[in-house]
Amino acid sequence: MTSNSPRTDNFDTLMTAWLDADARGPVPDVLLEGVLARTSRTRPLPAWRIPERWIPMQLVLRFQPRMRFSPVLVVVALLIVAVVTAVILVGTQRRLPPPFGIADNGQIAFVEGDRLVLENADGTGLTVLATTSQAPAFSRDGTKIAYKTILTDQFNPDYGPSVDVVVANADGSYPKVVVHAVRAGNPLWSPDGRWLTYSSGENVGDHAYVVAADGSSAPIDLGDFGGQDPWTPTFSPDSSKLAVAVGDGTLWIVNRDGTNAHIISHQDYIEVGERGLSAAWSPDGTHLLFGGMLVPDQGYSLYMIGLDGAPERLISSESNNGVWSPDGSMIAYMRAGIGLGPSVVIADSTGKFLRSLSGYYGWYMPEWSPDQTRIAILDDRPAPGNEPGPPVIALLDPLGKADPVFIPAGDKPISDEYSPDITVTWQRLAH
Amino acid sequence: MRRDLVERAMAGDHDAFAELARISIGRLFVVARLILRDAATAEDATQEALVAAWRNIRGLRDPDRFDAWLHRLLVNACHREARRGRSRGAIELHVDGIEAPQPDPNLGLLDRDQLERGFRRLDTDQRAVLVLHYYLGLSLDDAAEALGVPPGTVRSRLHRATQAMRAALDADARPRAAEGRPA
């Protein structure tokens, strides 16, 4: 409880008396003269320039008194804004994975009927990436995707349709045609994300090209490879060289600018190459996996060859489509089974057999998940008894412990026209 | 009569405005001096308020509210002068040509001293509301209009200012022995 002293009980009286007494005194004569001198030289502002004339008074009142900022406060405020902006930018800026090694799993893209779709690896969130398109390939940093779009109005009955090679953001937005109206194989990325390579010609493999992924330069012809047709090249890990499977059964290495083309394979193959690409580079760039057919109509076998000039080694007969795991410690490839389709086999980095995964699938390129815990493979005859049916993508455990997970990959049997070479492309995210 | 002068001034008649200024300038100067506690800065504030009035008089929508509008301009000018004084450091005292206020014989020297010290501790907003209410005798609603703030804000400012002044008076009125000093 508070009590006022007798002197503050008459506060109002005291205050009024004090102010009245303090107010006494003359007003300087010069004050009015000064006001009149200043106002006589100017005129009132026109009414339209005065906010009070057209803004409600209550709003105008809120503007009074106006704030006056000191320079120091303005600088501090600007610094705070700059710091907050920097934090937001850094926080929202996506980290990118390195081109090799273990990464986090992003989305998968694959061919479903005549369209490209994008979905989560658990089969949810399906979105259409592009229609009448094939051969999707995520860049190694996961930010872009390349594919080819079929130009249905440019169909050659002997060689099939022409295509546009397209690069889009990973979610399919902002597609840009990098190469227009060519008969191209699978467009594949350089690991540094700057280039695409593809083979193209009347019969798809007449020539091999490198083109800037942003379409800023004309395609570079990698040469004639002894007058033979090259098949979809693959970039070395440092993006400086390419491996090229050529139609006379030879495997070549060529610089990105088309120079120093030379044969590295030793045996006299009928054909070489894997289904989706010429050969698979090991992440350290020292070895290549490739399929080769030595005897006509006897099927492919999987070989490994180094760049040291030594001859290739047989990894597995009746096998093909070898791919390295993200960290290079393992190999996955397809091997013929008992007539129900090939199985997925896991080997170590030297090619030594480790295990065969359960199930029979199709002769497609398998795809490792970026975190190396799954292998995706397409089964185009999943019905009982190996009958044709709606295709599925199987996600297999490379350790052979977990049961496969199956994702629907379309509601119709796969037609030859839209049969993909590579099962899926798996987006890599920063670990 | 006043309305006629205001309307003529709004039409650009400087003579009419000069008459309005002559009528108002004494009150404005005193109010400014009471708020700012300094004659020179009060002169500046008064002059700035009247110049602003002339420049913006066509923004006045109701000529009958000329005085309230002028008070708002003056209080805003006092705010600017007070900030300018703070940025300069201490406010200088100018007494040339101005006679010292005449003391009220009913007020003791001690009261004036305590009120002065208490009042100087208040900020400009609190001083303004005390002056408008106790010196000009404006109601809280009229003071709110003059200050350009809601009536509730004026009430709270007046309450805080009054409390501060009472506290100043009470503190100075305490027996000196209570402060541990010899009587």
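This is a predicted model: local features need pLDDT of at least 70, side-chain atom pairs count only at pLDDT 80 or more; totals for chains, interfaces and linings use all residues.
**Ground rules.** Local features need pLDDT of at least 70 and side-chain atom pairs count only at pLDDT 80 or more, while totals for chains, interfaces and linings use all residues. Residues are numbered from 1 along each chain as its sequence is written, and chains are lettered from A in the order in which they are written.

**Chain A overall.** I looked up the secondary structure and found five helices and 29 strands in chain A. Helices (H or I, at least four residues) and strands (E, at least two) are DSSP runs, numbered from the N terminus. Of the 431 residues in chain A, 42% are buried, meaning that 20 or more other C-beta atoms, placed from the backbone, lie within 10 Å of a residue's own.

**Cores.** Which residues touch the most other members of the largest nonpolar core? I noted A109(A), V165(A), L196(A), V244(A) and I393(A), out of 90 residues. A nonpolar core here is a set of buried Ala, Val, Leu, Ile, Met, Phe, Trp, Tyr and Cys residues joined through C-beta atoms within 7 Å. Another core lies apart from it, with 61 residues, including L36(B) and V129(B). Contact means C-beta atoms, placed from the backbone, within 7 Å.

**Where A meets B.** Helix α3 (residues 29-40) of chain A packs on helix α2 (residues 14-36) of chain B at about 145°, axes 10 Å apart. The axes are lines fitted to C-alpha atoms over the stretch in contact, and angles run from 0 to 180 degrees between N-to-C directions. On the α3(A) side I found L31(A), L32(A), V35(A), L36(A), T39(A) and S40(A), meeting residues of α2(B) that include F17(B), A21(B) and I25(B).

**A four-stranded sheet.** I traced an open antiparallel sheet in chain A, in the order β21-β22-β23-β24.

**A hairpin.** β6(A) and β7(A) form a hairpin with six residues between them, and G172(A) in the turn has a positive phi of about 90°. Four bridges join these antiparallel strands, with V163(A) opposite V182(A).

How values were computed. A residue is buried if 20 or more other C-beta atoms lie within 10 Å of its own, exposed if 12 or fewer, and partly exposed in between; C-beta atoms are placed from the backbone. Two residues are in contact if their C-beta atoms, placed from the backbone, lie within 7 Å. Two strands pair if DSSP finds at least two bridges between them.
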